[in-house]
Amino acid sequence: MQAWHVHENGEPSEVMRLAEAERPTPGDGQVLVRVRAANINFPDALLCRGQYQVRPPLPFTPGVEICGETEDGRRVIGNPALPYGGFAEYAVADAAALLPAPEALDDAEAAALHIGYQTGWFGLHRRAGLEAGETLLVHAAAGGVGSAAVQLGKAAGATVIGVVGGADKAAVARELGCDVVIDRRAEDVVAAVKEATGGRGADVIYDPVGGEAYTQSAKTVAFEGRIVVVGFASGTIPSPALNHALVKNYSILGLHWGLYNTKNPKLVRHCHDQLTELAARGAIKPLVSERVPLAGAAAAVQKVADGRSTGRIAVVMEEPA
C-alpha cells in the first residue's frame with residue numbers, strides 16, 4: 001500500500017515522505033480500515049513538528065481523522081491508532097471507538113464531522129451551556145474548527161459573530177451563516193464586538209487560537225459569559241489574569257475533547273448521534289474546501305499549518321480497482 005511516513009520532526013512539507021509500505025497489523029481490540037477519506041487537522045502539523053501532546057515513535061503515519069471501510073463492509077468514521085494514521089491506503093483503529101458514518105454526508109464530509117464537530121458540541125453545549133438567543137463569538141470562524149462551531153451555534157439558535165483574518169475568509173464566514181463578520185486585519189475586534197452587541201459583549205466565546213485572540217476574548221466577554229479555550233493555533237499560550245475574571249464575573253473553560261474517549265465514551269456516542277441527526281436535516285454540513293489525492297497530502301498539511309486554508313481539506317482515496 002501507499003503511505004506517508006514521518007522519519008524526523010519538522011515542517012510537514014519537508015518531513016512527510018510517500019512510500020510503499022506493508023499493511024498494518026491490528027492489535028488486540030483493533031481493526032484494519034481501508035481509508036476512503038482522511039481529513040487534515042492542525043494536530044497533524046503538530047505531530048510532524050513533534051509538538052503535539054501525543055508523540056508516536058518515528059517513523060509514523062500522520063492523519064488523525066478518517067472515513068473508512070472495515071473488512072466486514074461497514075462505513076465508519078473515527079481516529080486511527082497512531083503510528084498507523086490516516087494518510088495511507090489502510091489504517092488501524094480501536095474497534096470500540098469507531099462510529100457509523102452519517103448517510104447524509106459523503107466520505108470527505110463524514111471524515112470532517114468527527115473531531116471539529118465533537119469539539120464544538122462539547123465546548124458549546126457540555127462546557128459552556130450555550131442557549132438559544134445568546135451571542136456566540138467564534139475566533140478563526142472560517143477554519144476547520146471554527147466553521148463547525150459557527151454551524152453548531154446557529155443550529156442552537158444563537159446569534160453568531162465570526163472573527164476571521166482577511167476578506168476571503170470573511171466571505172466564507174458569511175456563507176457559513178455568521179450574523180456578524182469581523183475581519184481582524186481591517187477592524188478593531190474589541191470595538192466591533194461591542195458595537196455589534198450594544199456594549200454587552202458575547203455570552204460564549206469559542207477560542208481555538210489563543211494569543212491575541214484570547215486577549216480580545218477577555219475584553220469582549222459579557223457578564224456571566226464563558227470563554228471556551230480549545231487550542232492555541234497562534235502558537236502563543238495566554239496567561240489569563242484571574243483577577244480580571246473575578247472582577248468581570250466570567251468563566252474560563254478548558255476543553256480537551258480527546259479525554260472524553262476514555263473518561264466518558266458513552267457521551268461521545270451520544271454526541272455523534274446528535275451530530276448525525278443535525279446532518280440528516282441539513283442543519284450542519286462540514287465545509288470541505290479542497291479534496292486532494294493521497295499524493296497531495298504533505299502540501300495540504302503544510303497549507304493548514306500555515307493558516308492558509310478555509311474549512312477542511314480532505315485527502316480522498318481512489319476507489320480500489
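**Entry 1: helix 12**

I began with the buried residues of helix 12, and my list reads A297, A298, A300, V301, Q302, V304 and A305. That makes seven buried out of nine residues in the helix, which spans residues 297–305, and I noted it as mostly covered. A reminder to myself: this is a predicted model.

What covers these buried residues? I found that the cover includes strand 1 (2–6), helix 1 (12–15), strand 2 (16–20), helix 2 (42–49), strand 14 and strand 15 (312–316). I also looked just past the end of helix 12, where G307 takes a positive phi of about 75°.

**Entry 2: V292**

Next I picked V292, which sits in strand 14 (residues 288–292). Is V292 buried or exposed? I put it down as buried, because its relative accessibility is 14% and the cut-off for buried is under 20%.

I then listed what V292 touches, leaving out residues up to four places away in sequence: A300, I313, A314, V315 and V316. A300 was already in my notes as one of the buried residues of helix 12. I also checked V292 against A38: the two are 254 residues apart along the chain, and their C-alpha atoms are separated by 9.9 Å.

**Entry 3: N41**

I moved on to N41, in the loop between strand 3 and helix 2. Its relative accessible area is 3%, so I count N41 as buried.

Where does the side chain of N41 reach? I found it at 3.5 Å from the backbone oxygen of N39. I also noted a polar contact of 3.2 Å between the side chains of N41 and R312. Setting aside neighbours within four places in sequence, my contact list for N41 is V64, E65, I115, V304 and R312.

I looked at strand 4 (residues 66–70) and found four of its five residues buried, so the strand is largely enclosed by the rest of the structure.

Which way do its partners run? Strands 4 and 5 form a hairpin with four residues between them, and G73 in the turn has a positive phi of about 90°.

I traced an open sheet of six strands, in the order 10-9-8-11-12-13, with parallel pairing. Its edges are strand 10 and strand 13 (251–254), each of which pairs on one side only. On average, neighbouring strands in this sheet are turned by 20° against each other, direction ignored.

I looked up two of the pairings. Strand 8 (residues 135–139) is parallel to strand 9 over five bridges, and T135 has T159 as its bridge partner in strand 9. What packs on the sheet here? Helix 6 does, touching strand 9 and strand 10, with its direction at about 165° to that of strand 10. Helix 8 (residues 212–220) packs on the sheet too, touching strand 8, strand 11 (202–207), strand 12 (221–229) and strand 13; its direction makes about 155° with that of strand 12.

The other pairing is strand 9 (residues 159–164) with strand 10 (residues 180–183), parallel over four bridges. Here I161 has V180 as its bridge partner in strand 10. With helix 6 (residues 167–176) included, strand 9 and strand 10 make a right-handed β-α-β unit.

**Entry 4: nonpolar cores**

Which residues have the most contacts inside the largest nonpolar core? I got M16, F122, L136 and V315, in a core of 78 residues. Apart from it lies another core of 16 residues, among them I161, V189, A202 and Y214.

Beyond its neighbours within four places in sequence, L136 is in contact with L124, L130, A149, G153, A158, T159, V160, I161, V204 and Y206.

Methods
Residues are numbered from 1 along each chain as its sequence is written. This is a predicted model: local features need pLDDT of at least 70, side-chain atom pairs count only at pLDDT 80 or more; totals for chains, interfaces and linings use all residues. Side-chain values use heavy atoms; hydrogens and water are left out. Buried means under 20% relative accessible area, exposed over 50%, partly exposed in between (1.4 Å probe, protein chains only). Helices (H or I, at least four residues) and strands (E, at least two) are DSSP runs, numbered from the N terminus. Two strands pair if DSSP finds at least two bridges between them. A crossover is right-handed if, with the strands pointing away from the viewer, the path from the first strand over the helix to the second runs clockwise. A nonpolar core is a set of buried Ala, Val, Leu, Ile, Met, Phe, Trp, Tyr and Cys residues joined through side-chain atoms within 4.5 Å. Contact means heavy atoms within 4.5 Å. Axes are lines fitted to C-alpha atoms, for helices over the stretch in contact, and angles run from 0 to 180 degrees between N-to-C directions. A polar contact is a pair of N or O atoms within 3.5 Å; within protein, one must be able to donate a hydrogen and the other to accept it, and residues adjacent in sequence count only if both atoms are side-chain atoms.
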